[in-house]
Structures are given as C-alpha cells and as structure tokens.
Amino acid sequence: MEERTRIAWREVAVHARGATLAAQTTDGGEGDVPLLLLGGATWSRDWWPDELCAALVAQGASVVRFDARDTGASTSSPPGAPDYDAEDLADDAVAVLDACGVDRAVVLGCSMGGGLAQLVAGRSPERVAGLVVLSSAPAGPVGRPLDAAVGGVVDPSEPDWDDADEVVDWIVAAERAVAGTGALDEPMVRAIARRAVARTPSLEPAAANHLLVAASGPSVELDALRGIPALVVHGAADPVFPAQHGEALAATIGASFLLLDDVGHGLPPRTAWPLLVPRIGALLREAGGRMQPQRRSIAVEDGATISVLNLPGTSPAVVLLHGLAGSATELLPTARALGGRRAVLVDQRGHGESTRRPADVRRAAFVADVVRVIEAETTSPVDLVGHSMGAHTAMLVAAVRPDLVRRLVLLEGTEGGGTREEREELGAFLRSWRVPFPSRDAASAALGGGPLAEAWAADLEASDGGLRPRFDADVMVAILEHVEVPRWEEWAAVQAPTLVVFAEHGMFTAAQQARFVAHGRDVARADLPGASHDAHLDAHDAWACVLRAFLDAP
C-alpha cells in the first residue's frame with residue numbers, strides 16, 4: 001500500500017464554464033510558490049499522491065490539485081460526447097487558480113496535462129511563473145521532425161465500468177504497459193486507482209473523452225514560452241512519446257532537461273523522486289525569485305523620495321495607494337489577487353520606506369508624487385485604486401490628470417472631511433503605542449489584535465531595542481489636517497469610470513455614502529457586508545472579487 005503522508009488540504013469548489021471542479025490547496029505560507037498540478041488522461045487529483053505533494057511542499061511549494069472534468073467529484077459528460085474542448089481544460093486551470101486566490105503559479109503537467117500546461121502558458125502567460133512538463137510532447141512546432149507517438153501500447157479492451165475491482169485492475173494493467181522495465185510501483189498505483197475509482201461515479205466518460213479532447217487542442221507558439229523558467233522531464237524508456245519529444249520541447253522553449261533512466265510514461269515512480277523533486281524545487285525557487293515584488297525609489301521635485309513595490313504582469317498596470325499610517329505592503333494580497341495584472345504599490349510620503357518626515361504634507365504634494373510614479377513606472381493610463389486617505393489621493397489624481405487614469409476604485413474614501421477633535425484623538429492613539437515592541441506577536445496583541453493590528457505589526461521595522469512603526473505620529477496628524485478639507489469640485493470633475501466601495505461597518509454614515517456617490521459622474525457602488533473600514537484586510541476575498549470584476553469588465 002502507498003504510504004500516506006499527512007498534509008493539510010483546503011477544499012475549494014471551482015465554477016468553470018459549464019462545470020464545477022473539485023480542487024484542493026495547501027495554501028502555504030509567506031514565500032511559498034503556488035504549484036498547479038495538471039494530470040494525464042483519466043486522472044483525478046488522486047494521482048498526485050500526498051507523499052509526493054508533501055515532498056513538494058517541503059521544497060517551498062503551495063500545492064494546488066483538482067479533479068479534471070469527468071473525474072472525481074467534478075462535473076461529468078456522456079462518454080464520447082464531451083461538452084468541452086482542450087481550450088476549456090486550459091481555462092479550467094486558470095479558474096482553479098482564481099478560486100484558490102492564486103495570481104501566478106508554476107504549472108506542472110504530466111502526459112496530457114503536459115500539453116495542457118503548454119497551452120495554459122501560451123493562452124495565459126501572465127498566470128504562469130514557471131513550467132514543468134513530464135512525459136509529454138511539444139504542443140506546437142519544434143522546427144524538426146519527431147518520431148510519431150506510439151499507439152497501441154495499452155490494451156484497448158474496456159472493463160465492466162460497474163465493477164470497481166475490474167476497473168482498478170484495468171488501470172493497473174494500463175500503467176504497467178507504459179511504465180518502463182521494472183519501473184512500476186504497483187502497490188502505490190493500485191492504492192491510487194482504488195481511491196480514484198471510489199471517488200468517481202464512473203471512469204467511462206474520462207476514458208472515452210480525455211484523449212478525444214486532447215487531440216482537439218490548438219497548436220501553441222512555443223517560441224513565446226522562452227523566458228519562462230521551465231523544466232522538461234522525460235523517461236528514457238517512455239513507450240508512448242520517445243524521449244526525443246522531451247528533448248525537442250526543452251530545446252525549443254529554452255528549458256532544462258532531465259532524462260530519467262529506465263522510467264517510462266506517466267508519473268515517475270518513487271525511486272525517481274529523490275532526483276526529480278529537488279529539480280522541481282530548484283525551479284520553484286527560480287520562479288519564486290521572479291515573482292517577488294521589486295522595490296525601487298523615485299526622487300520627486302521637492303526632494304522627497306517615494307518608494308514603490310513593483311509586481312510584474314500584464315497591462316494596464318494597477319497603481320495602489322494605502323491609507324493613513326499604512327504602507328504598500330498591506331496591499332500586496334490585493335495586488336496578488338488581480339489575475340496577473342502589473343501592480344505598482346506606493347509608499348505615500350511620510351509612510352513606509354518613503355521620506356519619513358517630508359517638508360510638504362499638503363494634498364497637492366501627494367498628488368504630484370503619484371503622477372510622478374505613474375509616469376516613471378508605467379505606460380499610462382492606469383487603473384488607480386486607493387483605500388481611505390489613499391482613496392482621497394487617488395480621487396484627486398484622477399481629477400487633475402484624467403489622461404493618466406483609465407478606471408478609479410475608492411475603498412472607504414469620500415470627498416474628505418473630519419474634525420480637529422478626531423485628528424487629535426488619532427494622534428493620541430498613535431503616540432500611545434508602547435514602543436519598541438519586543439516582537440510582532442506582542443505588537444499585534446498590544447494594538448488590539450485582528451487584521452489591522454496584524455498588518456501594523458507586520459510592517460514594523462527593527463531598531464535598537466525592538467520594533468517600531470515606519471511613520472511618526474505628528475506627521476500623520478499633519479497629513480490628516482489637509483484631508484479634512486472637502487473636495488467636492490475635484491470629485492465632480494473625475495471623468496474615469498469609478499467604483500466606490502463601502503464597508504458595512506466602515507467610517508461613513510449611509511447619508512454620507514449616498515451623497516458622495518450622487519455627486520460623481522460615472523460611478524458604480526459596491527457594499528461589503530460584515531467588513532470594517534479596513535475591508536482589504538478583514539474582507540479580502542469579497543473586496544478582491546468586486547475589484548477584479550470592475551477592473552476586468554470590458
């Protein structure tokens with residue numbers, strides 16, 4: 001029997017075109033690289049055994065696996081009459097990433113899944129941080145002839161699909177036929193087959209439909225995949241696709257090539273994992289390094305320095321502005337939920353790694369900073385997103401530079417307002433922090449716990465004696481004074497289509513919300529039930545959903 005390894009899976013229901021897919025993810029921690037697994041024909045997620053997934057997690061992966069159509073708990077079509085094609089299967093992979101909250105992933109495909117991995121990379125390159133292709137063939141021209149794929153390796157006779165034991169035996173026999181000399185790990189294969197058969201109402205549709213659909217796939221322009229970190233793995237004894245198929249694919253896309261001696265077609269046996277898994281881990285680290293945000297500083301006219309984080313992706317770029325006493329880092333989860341869009345996250349002056357005590361904290365200085373960032377870092381126009389004070393800044397930028405803003409999103413922001421008493425109360429709270437904090441956990445507890453306290457704690461900087469905030473309380477109070485001035489004229493001048501998002505437990509009354517929306521030109525509104533003023537932290541999924549729907553709309 002297969003040795004079972006404990007691994008914590010989160011179940012995810014994925015709604016794709018015409019189907020519901022049953023996915024699982026290990027989620028992962030800070031720095032882990034999402035790894036999406038695409039299986040071969042008839043494969044449910046069971047064919048990615050927990051033992052292998054645990055080894056990949058140990059290499060720094062956050063693993064995502066799912067039941068393909070016609071397998072496991074996912075939607076099934078009649079045998080021989082699939083209501084989907086290869087492009088639908090590629091889109092399914094992207095839908096799984098979306099449902100799991102993954103912006104970009106390394107995509108690993110085996111056999112038919114290897115062809116789909118190439119198709120996903122060709123159709124949605126912004127979602128693919130790296131590529132691993134096992135036991136597969138080029139999904140497009142490679143500039144030279146290749147030996148034909150070998151047919152007739154597997155006995156074409158079918159089992160009695162209602163007899164689970166007979167279906168399991170049929171699967172094991174099929175795997176044995178392509179495994180290579182002595183390479184079949186039969187106890188593992190038989191255990192996986194039993195689980196797959198038990199979880200799938202009938203494997204007859206998958207057996208009839210998957211290869212039929214795989215043959216319908218469009219050709220991929222493989223040269224376009226150059227530049228994506230990639231690894232091609234092939235068995236030297238593969239009887240289905242001769243090893244030259246893997247060699248040609250690797251050469252065409254500029255990938256590393258790993259040839260496994262005595263290994264045939266399909267998932268390599270356990271004996272090959274000590275060689276295979278570290279190579280996948282190395283690719284994960286390479287891809288992960290490219291996925292990390294890059295920080296750079298931009299000098300502005302009054303001598304201040306504005307620090308920005310850049311996440312690579314597709315245009316148009318999304319520029320994100322945090323609220324008072326925040327920083328760019330608290331908006332990284334938002335940026336990573338944008339479906340592969342380029343993101344520029346700004347530490348506004350007085351915050352984060354930007355100039356801590358700027359001479360000018362008037363609104364015009366903040367606006368000039370954002371204009372400078374957009375012009376320096378992007379090909380405008382951009383989608384501009386702001387929270388609270390950052391929403392106020394974003395609104396003013398859109399008013400004075402309509403040429404730079406394609407769409408505008410304001411989370412818990414209005415025309416401006418507030419009182420001196422409220423400003424002084426905030427200053428007293430910030431000055432009450434008993435700094436330095438000995439640890440981030442202690443800081444979070446001292447600040448009241450919850451998502452906002454955790455964000456503040458995560459953003460503290462190390463200094464002599466402990467951790468301190470990356471802002472000064474008196475600067476925050478001075479900034480807030482200028483936000484108190486209502487900017488109705490500027491708001492009425494905004495031309496960009498605008499989404500205004502309010503939280504159920506936010507800062508503004510229903511009357512204030514309605515008045516603000518009514519004074520805008522081209523305004524849509526969304527409300528987040530149960531959310532606080534810091535909805536991007538405590539209602540992230542709902543916030544990300546409304547944000548993407550607005551930014552991705554035609």
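The model is predicted: local features need pLDDT of at least 70, side-chain atom pairs count only at pLDDT 80 or more, and totals for chains, interfaces and linings use all residues. Residues are numbered from 1 along each chain as its sequence is written, and side-chain values use heavy atoms, with hydrogens and water left out.

Helix 1 covers residues 50–58 and helix 8 covers residues 273–291. Helices (H or I, at least four residues) and strands (E, at least two) are DSSP runs, numbered from the N terminus. The two helices pack at an angle of about 45°, and their axes are 9 Å apart. Axes are lines fitted to C-alpha atoms, for helices over the stretch in contact, and angles run from 0 to 180 degrees between N-to-C directions. The crossing of helix 1 with helix 8 is right-handed, that is, the near helix is turned clockwise from the far one by less than a right angle. On the helix 1 side, Glu51, Leu52, Ala55 and Leu56 take part; they meet Trp273, Val277, Ile280 and Leu284 of helix 8. This contact has seven nonpolar residues, no polar residues and one charged residue. Nonpolar means Ala, Val, Leu, Ile, Met, Phe, Trp, Tyr, Cys and Pro; charged means Asp, Glu, Lys and Arg; the others, Gly among them, are polar.

Helix 10 contributes Arg363, Phe366, Val367, Val370, Val371 and Ile374, while helix 11 contributes Met389, His392, Thr393, Leu396, Val397 and Val400. Contact means heavy atoms within 4.5 Å. By class, the residues of this contact are nine nonpolar, two polar and one charged.

Ser388 sits in the loop between strand 13 (382–387) and helix 11 (389–400). Its phi is near 55°, a positive value in a residue other than glycine. Ser388 is buried at 19% relative accessible area; buried means under 20%, exposed over 50%, and partly exposed in between (1.4 Å probe, protein chains only). Glu412 also has phi near 55°, again positive in a residue other than glycine. Glu412 lies in the loop between strand 14 (405–411) and helix 12. It is buried, with 1% relative accessibility. Pro436 belongs to the loop between helix 12 (420–431) and helix 13 (440–446). The peptide bond from Val435 to Pro436 is cis, with omega near 0°.

Thr26 is found in the loop between strand 2 (19–25) and strand 3 (33–38). It is buried, at 16% relative accessible area. Beyond its neighbours within four places in sequence, Thr26 contacts Ile7, Ala8, Trp9, Val57, Ala61, Ser62 and Val63. Thr26 and Cys100 are 74 residues apart in sequence, and their C-alpha atoms are 9.8 Å apart. Ala13, in strand 1 (residues 10–16), is exposed at 55%. Leaving aside neighbours within four places in sequence, Ala13 is in contact with Leu21 and Ala99. The C-alpha atoms of Ala13 and Pro358 are separated by 48 Å.
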